[in-house]
Amino acid sequence: MWRPWGNKKMPLRIHDTSSPFSCSSFKDIQHLCTQDSSASSKRNANVFHRVRIVNSLLRSWGPARTGKIADSVSDPSISIPGAEKRVVVYFTSLRVVRSTFEDCKTVRSILHGFRVSIDERDLSMDSRFLDELRGILGQSNLTLPRVFIGGRYMGGAEEIKQLHEIGELKKIVERLPAAEPGTCVVCGGYRFLLCNECNGSRKLYTQKSGFKTCTACNENGLIRCHSCFFFVNIKAKILG
């Protein structure tokens with residue numbers, strides 16, 4: 001009925017419990033845990049040490065040094081007349097070149113955080129902005145974005161990010177008047193409207209000459225929002 005025990009040994013199956021981690025006792029586990037915690041604390045200490053060094057350098061520079069950095073970044077000989085009370089940004093909303101699109105997005109995000117009047121000029125919406133920017137800078141090969149603050153040329157993405165990191169950009173932008181809350185009720189904040197002459201088709205028909213190209217709009221059949229353009233210029237004249 002019952003299996004005899006006797007001296008016959010029963011075979012034992014031993015399961016393989018091998019793993020990348022092995023130790024001989026609980027003391028080894030405690031030792032390894034203390035090693036991991038000490039290594040992570042050393043890494044955190046190195047990071048905090050570098051942060052303290054950067055902060056100490058910025059404090060040692062002081063406002064005079066940061067002001068010199070802003071003067072070296074901007075070019076006083078390049079300016080936009082009539083834009084002394086606002087920020088002007090030349091950018092593109094196309095994603096053809098990812099790095100350019102990301103730079104434009106980052107700069108616009110930084111500037112919108114200050115809540116000042118911003119005149120955004122999208123070169124992909126109107127090619128005349130490109131001709132305008134080339135005439136201002138005197139260059140044919142241009143990279144975007146390009147930023148003007150108070151009518152003064154401040155540079156591109158790297159310059160704006162550098163000034164923002166050291167806190168100098170906030171001091172420059174705070175001199176400008178605050179932007180009015182809300183968006184334009186005419187264009188919804190897009191700053192462009194469909195041409196009311198050709199309805200965006202870029203073609204006009206007359207019985208005398210037949211079809212001809214519309215000269216009132218740009219290559220996309222759009223015109224600048226008269227409400228935004230009028231409001232920005234009137235406000236600049238009043239504050240000026």
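The legends below describe close-up views of a predicted model.

**Figure 1. Overall composition of the predicted model.** The protein contains 6 helices and 9 strands. Of its 240 residues, 30% are buried. Among contacts with a separation of 6 or more, 67% join residues 24 or more positions apart.

**Figure 2. The open five-stranded sheet.** The 5 strands of this open sheet follow the order β1-β5-β4-β2-β3, and their pairing is mixed. Strands β1 (75-79) and β3 form the edges, each pairing on one side only. From one strand to the next, the twist averages 35 degrees. Strands β2 and β3 are joined by 5 bridges and pair in the parallel sense. Within this pairing, valine 89 has glutamate 120 of β3 as its bridge partner. Helix α3 packs on the sheet, where it touches β1, β2, β3, β4 and β5 (152-155). The direction of α3 makes about 65 degrees with that of β4.

**Figure 3. The aromatic pair of tyrosine 90 and phenylalanine 148.** The model has 4 aromatic pairs. In the pair formed by tyrosine 90 and phenylalanine 148, the ring centres are 6.0 Å apart and the planes meet at 75 degrees, so the arrangement is edge-to-face. Because tyrosine 90 belongs to strand β2 (residues 87-91) and phenylalanine 148 to strand β4 (residues 146-149), the pair ties together parts that are 58 residues apart in sequence. Tyrosine 90 and phenylalanine 148 are both buried. Together with Tyr153, the residues Tyr90 and Phe148 form one aromatic cluster.

**Figure 4. Arginine 108 over the ring of phenylalanine 91.** Arginine 108 lies over the face of phenylalanine 91. The distance from arginine 108 to the ring centre is 4.2 Å.

**Figure 5. The hairpin of strands β7 and β8.** Strand β7 (residues 203-206) and strand β8 (residues 210-213) run antiparallel and are joined by 4 bridges. The hairpin connects β7 to β8 through 3 residues. Tyrosine 205 has phenylalanine 211 in β8 as its bridge partner. The rings of tyrosine 205 and phenylalanine 211 also form an aromatic pair, with 5.0 Å from centre to centre and 55 degrees between the planes, an arrangement that is tilted.

Figure 6. Helix α4 (residues 157-165) has Ala157, Ile160 and Leu163 as buried residues. These three cover an arc of only 135 degrees around the axis, and therefore lie on the same side of α4. The exposed residues Glu158 and Glu165 are carried on the face of α4 turned away from its buried side. Just after α4, glycine 167 adopts a positive phi of about 85 degrees.

**Figure 7. Aspartate 126 in the loop between β3 and α3.** Aspartate 126 is located in the loop that lies between β3 (118-122) and α3 (128-137). The relative accessible area of aspartate 126 is 2%, so this residue counts as buried. Apart from neighbours within four places in sequence, aspartate 126 is in contact with Phe192, Asn218, Glu219 and Asn220.

**Figure 8. Isoleucine 223 and its contacts.** Isoleucine 223 is part of strand β9 (residues 222-224). The C-alpha atoms of isoleucine 223 and phenylalanine 192 are separated by 5.5 Å, although the two residues are 31 residues apart along the chain. With neighbours within four places in sequence left aside, isoleucine 223 is in contact with Arg191, Phe192, Leu193, Leu194, Cys195, Ala216 and Cys217. Phe192 is also in contact with aspartate 126.

Figure 9. With a relative accessibility of 26%, arginine 224 counts as partly exposed. Between arginine 224 and leucine 194, the C-alpha to C-alpha distance is 8.8 Å, and the two residues are 30 residues apart in sequence. Not counting residues up to four places away in sequence, arginine 224 touches Asp119, Phe129, Arg191, Phe192 and Phe229. Among the residues touched by arginine 224, Arg191 and Phe192 are also in contact with isoleucine 223.

Terms used: Residues are numbered from 1 along each chain as its sequence is written. This is a predicted model: local features need pLDDT of at least 70, side-chain atom pairs count only at pLDDT 80 or more; totals for chains, interfaces and linings use all residues. Side-chain values use heavy atoms; hydrogens and water are left out. Rings of Phe, Tyr and Trp (its six-membered ring) pair if their centres lie within 6.5 Å; planes under 30 degrees apart count as stacked, over 60 as edge-to-face and the rest as tilted. Helices (H or I, at least four residues) and strands (E, at least two) are DSSP runs, numbered from the N terminus. Buried means under 20% relative accessible area, exposed over 50%, partly exposed in between (1.4 Å probe, protein chains only). A charge sits over a ring if NZ of Lys or CZ of Arg is within 6 Å of the ring centre and within 35 degrees of the ring normal. Two strands pair if DSSP finds at least two bridges between them. Contact means heavy atoms within 4.5 Å. The arc is that of the directions from the helix axis to the C-beta atoms. Axes are lines fitted to C-alpha atoms, for helices over the stretch in contact, and angles run from 0 to 180 degrees between N-to-C directions.
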